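Hello,

Here is the structure I promised to pass on. Please have a look at it, and then read my notes below.

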Amino acid sequence: MPTRRQLLLTAAATGLAGVGALSGCSRGAPAELEDGDRLRMRVWSEAAGAAYEESLAAFTADSGIEVELEVLSWDDYWTQLPLDVAAGSLPDVLWMNTAHLAETHAAEVLLDVGEIVGGDSSAWEQVATDLHRIDETLWGVPQYYDQSLLIANQGLVAAAGGDASALVFDPGAGSDPLRELATALTADGEGRHPGDEGFDPAARTAHGFSAHPDRSSVLGPFLAGQGGAWQDEEGAVTLATEQGVAAIQYLADLASAHLAPAAAETVEEPGRCRDLFVGGRLGLLQTGTYDLHTLVEEIDGAFEWTLHPVVSGPEGARPLVHSVAAAGVDPDDEDRAAAIGRLLGWLGSVEGQRPLAENRLGIPAHRDLRGAWEESWAGVGVDVSAVEVPQEPALPEHGARSAEATGEALAIIAEVFRGDTTAEEALPRAQEAARTVMS
């Protein structure tokens, strides 16, 4: 009788041997379930759920394996996950991010995806794939990834005589290209800029740069660009370094110098900077590819906007990358494990992921879908060619309870932006609070 490992590898071969072609999934012995049985897959996005319906229908037609798709809201998803782990009622395949991977892996419920897909993972973007490795073992099939980027109101930037394509920040300098452009972009009702006599920050009609305490779009890239990191190689939160203090204080100082929207507003309203940009009142918005759908819909052609790399620091431009992966749950049943392996193989293929790319859901994890993704965005008037695959990205939080730890740290970092304290005083407290949660 074949071992479960052999069945998994056979399922992977049938699902991946013909990556990019439906016919490739019909090779070898089929993975079967009992009559009336089906696999369950869970995601947290309605838009992705709609795209997967097409992908999973094609999978069923080719494999004979039916898949029931469950869509939960973001909050319900993570509330339900530990309950299902404890009850042994997890779906067969579920979406996973880096912040919750370690805890789910520690429960010993996941399948070793590396064992299933073998060398076929080389077709996926490494920047997305590596985020789902623990101790060099792969625990998820990357579906797509998002990364931070800079978006410019082209009319405002041109009027200010600026160029958003290669902005630089340098906390150690008296000024830098980012501060210079942000100053030129910021204006009150009389057209005066910060530093001009009579400038009234309370009457600003245009703002410069979106300096606010957002972990993914601003804090992560600026920390890494300054040479710091959110966590060290062992996973310990490491904010209170010289580089961390310099980066966070620099951002807070942009707000206090009126080169960014008021921190009192952005701390309380995380979407304030995006709202100002949509309204044509913010020149430079550093956000992520996850916001592109909203910008297309809400700007609706009111003005021209362009995409650029994140603001570069002394260590270069370091966008933060998030990846969503499909993780398989070990059913402790050979036939079902083979069917799950077949589905994971499909989800790693070109045809399995094509509906996600064509619906512009994140950046494709499969390299061969990059062109389809760019064409789809071009169809709605957005040039995403500036969104290059980062070679040295800033990393998202990872490890057990890392999402909670980040929340604790951000609450303290907000004090710096509000001007209640300094980064030098606050970051040791933020670091200790985060480490306490993760310990």
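**What I found**

Thr238 is buried, at a relative accessible area of 16% (buried means under 20% relative accessible area, exposed over 50%, and partly exposed in between, with a 1.4 Å probe and protein chains only). Before going on: this is a predicted model, in which local features need pLDDT of at least 70, side-chain atom pairs count only at pLDDT 80 or more, and totals for chains, interfaces and linings use all residues. Residues are numbered from 1 along each chain as its sequence is written, and side-chain values use heavy atoms, with hydrogens and water left out.

Thr238 sits in the loop between H9 and H10 (helices are DSSP runs of H or I with at least four residues, strands are runs of E with at least two, and both are numbered from the N terminus). Leaving aside residues up to four places away in sequence, Thr238 touches Ala229, Trp230, Gln231, Asp232, Gln431 and Arg435, where contact means heavy atoms within 4.5 Å.

From H9, the contact uses Val218, Leu219, Phe222 and Leu223, and from H10 it uses Gly244, Ala247, Ile248, Tyr250 and Leu251.

Another buried residue is Gly399, with a relative accessible area of 16%. Gly399 belongs to the loop between helix H16 (370–378) and helix H17 (402–418). Its C-alpha atom is separated by 6.6 Å from that of Gly235, 164 residues apart along the chain.

His258 is in the loop between H10 and helix H11 (263–268) and is partly exposed at 28% relative accessibility. Asp332, in the loop between strand S11 (321–328) and helix H14 (334–347), is exposed at 72%.

A word on confidence: pLDDT, the predictor's confidence in each residue from 0 to 100, has a mean of 93 over the protein chain. It stays under 50 over residues 1–29. Where pLDDT is low, the predicted coordinates should not be read in detail.

Best wishes
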